[in-house]
Amino acid sequence: MPDARRVGHGRQNMMDRDYFYKIMYGEGNLDYELYLNTAKLLRCQKDFSEFCNKDELQFQVVHQVEELWMKLIAYTLLDIEEYMAARNTNRILTLFKRVHMAQRLLIEQLPLLETMSPKEYQTIRLGLGAGSGQESPGFRALLAMAPHLWETYKKHYLDAQGLTVEAVYDVAYDHGDAYVVAEQLVEFDELFQNFRFHHMQLVRRSIGIDAKSLKGRPVEILESGQRHSFFPELWAVRSKMTDAWGAHYGLKRDSLGGKGGGHH
Ligand code: HEM
């Protein structure tokens, strides 16, 4: 084994990169390593000698981890759909808890990339070719699954029970199974929109929102995504109810940020 400490001019007591790179890859043949396939996993990133700068490992790792969370979310949604068809609400609640936690991790990890300077990102970007987050298999799977979840929910929790969204939230409201599952769907939708919002903030930090991206102007692509919701009926019912109850919102008042002083 090489010596961990390279003794050379100006580097006394400093860690030897090559030595530690080897340790970081591991042996690959211990039971733990075999089960988790660390030999492959830890080589899913470029080799240390190929990174274009010191931020690129982070860039790859964050994207790869995000893909893994999306894979887990998508796999869990397939199970959730089956439990919807079986009306096993308890299972659905537990599995949605898992999905929502993974969605929060997706969001929380984004600011890691804000530790990279805009200039360093430009170097990485040159190596991306025409690649874009729009091509993410995990993201595409989630987009494609959401309408199926809605259909299955509607069939088994609404139609089969003679319920409508309005009934579940208003006239027949009893906080029953149809309501609690609907709220899980809403949480999924809200967290998905939150991801899009936080991703947009990351884009503002790294390339600026008006820059021309690899696929066009990001502001247009990303803003139209942010306006999209998976389950519009579950959102619309809230305003329908407040209208029906005669609540008045949106009275015109002076903006708090505007001119005009503080006499409110
Ligand atoms: C410095 C970091 C990042 C930058 C500058 C960036 C930039 C962009 C831009 C400009 C777009 C608009 C479409 C396009 O031009 O291709 C986009 C889309 C997208 N990005 Fe990122 N991105 C970053 C990190 C990430 C990360 C970590 C993820 C994690 C999954 C991600 C996922 C996506 C997805 C899913 C889309 C499609 C969004 C939609 O259709 O609403 N991006 N990104």
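Colleague: What does the secondary structure of the protein chain come to?

Modeller: The protein chain has 11 helices and two strands. This is a predicted model. Read from the N terminus, the order of elements is β-β-α-α-α-α-α-α-α-α-α-α-α.

Colleague: How many of the residues in the protein chain are buried?

Modeller: Of the 264 residues, 12% are buried. A residue counts as buried if 20 or more other C-beta atoms lie within 10 Å of its own.

Colleague: What makes helix α1 hardly covered?

Modeller: Helix α1 spans residues 17–25, and the count of buried residues among these nine is zero. After α1 comes Gly26, with a positive phi near 80 degrees.

Colleague: Why is α4 called roughly antiparallel to α5?

Modeller: The axes of helix α4 (residues 56–85) and helix α5 (residues 89–109) cross at roughly 160 degrees and come within 9 Å. Angles over 145 degrees count as roughly antiparallel, and therefore α4 is roughly antiparallel to α5. The crossing of α4 past α5 is left-handed.

Colleague: Which residues make the contact between α4 and α5?

Modeller: On α4 they include Val62, Val65, Trp69, Leu72, Ile73 and Ile80; on α5 they include Ile92, Leu95, Phe96, Val99, Ala102 and Leu106. By class, the contact of α4 with α5 has 16 nonpolar, three polar and four charged residues. As a general point, an α-helix has 3.6 residues a turn, so residues three or four places apart point the same way.

Colleague: Why is Trp69 called partly exposed?

Modeller: Trp69, in helix α4, has 18 other C-beta atoms within 10 Å. Buried requires 20 or more, and exposed requires 12 or fewer; with 18, Trp69 is therefore partly exposed.

Colleague: Which residues is Trp69 in contact with, leaving aside its neighbours within four places in sequence?

Modeller: Trp69 is in contact with Ala102, Leu105 and Leu106. Trp69 and Ala102 are 33 residues apart in sequence, and their C-alpha atoms are 6.1 Å apart in space. Across the protein chain, 66% of the contacts with a separation of 6 or more are between residues 24 or more positions apart.

Colleague: How do you know that α7 and α9 are roughly antiparallel to each other?

Modeller: Helix α7 (residues 137–158) and helix α9 (residues 177–206) pack at an angle of about 170 degrees, with their axes 10 Å apart. The cut-off for roughly antiparallel is over 145 degrees, so α7 and α9 are roughly antiparallel to each other. Leu149, Tyr153, Tyr157 and Leu158 of α7 meet Asp177, Ala178, Val181 and Leu185 of α9 in this contact. Its classes are seven nonpolar, no polar and one charged residues.

Note on methods: Residues numbered from 1 in each chain as written. Predicted model: local features only at pLDDT ≥ 70, side-chain atom pairs only at ≥ 80, totals over all residues. Helix = DSSP H or I, 4+ residues; strand = E, 2+ residues; numbered from the N terminus. Contact = placed C-beta atoms within 7 Å. Axes fitted to C-alpha atoms, helices over the stretch in contact; angles between N-to-C directions. Parallel < 35°, antiparallel > 145°, perpendicular 65-115°, else oblique. Left-handed = near helix turned anticlockwise from the far one by under 90°. Nonpolar A, V, L, I, M, F, W, Y, C, P; charged D, E, K, R; others polar.
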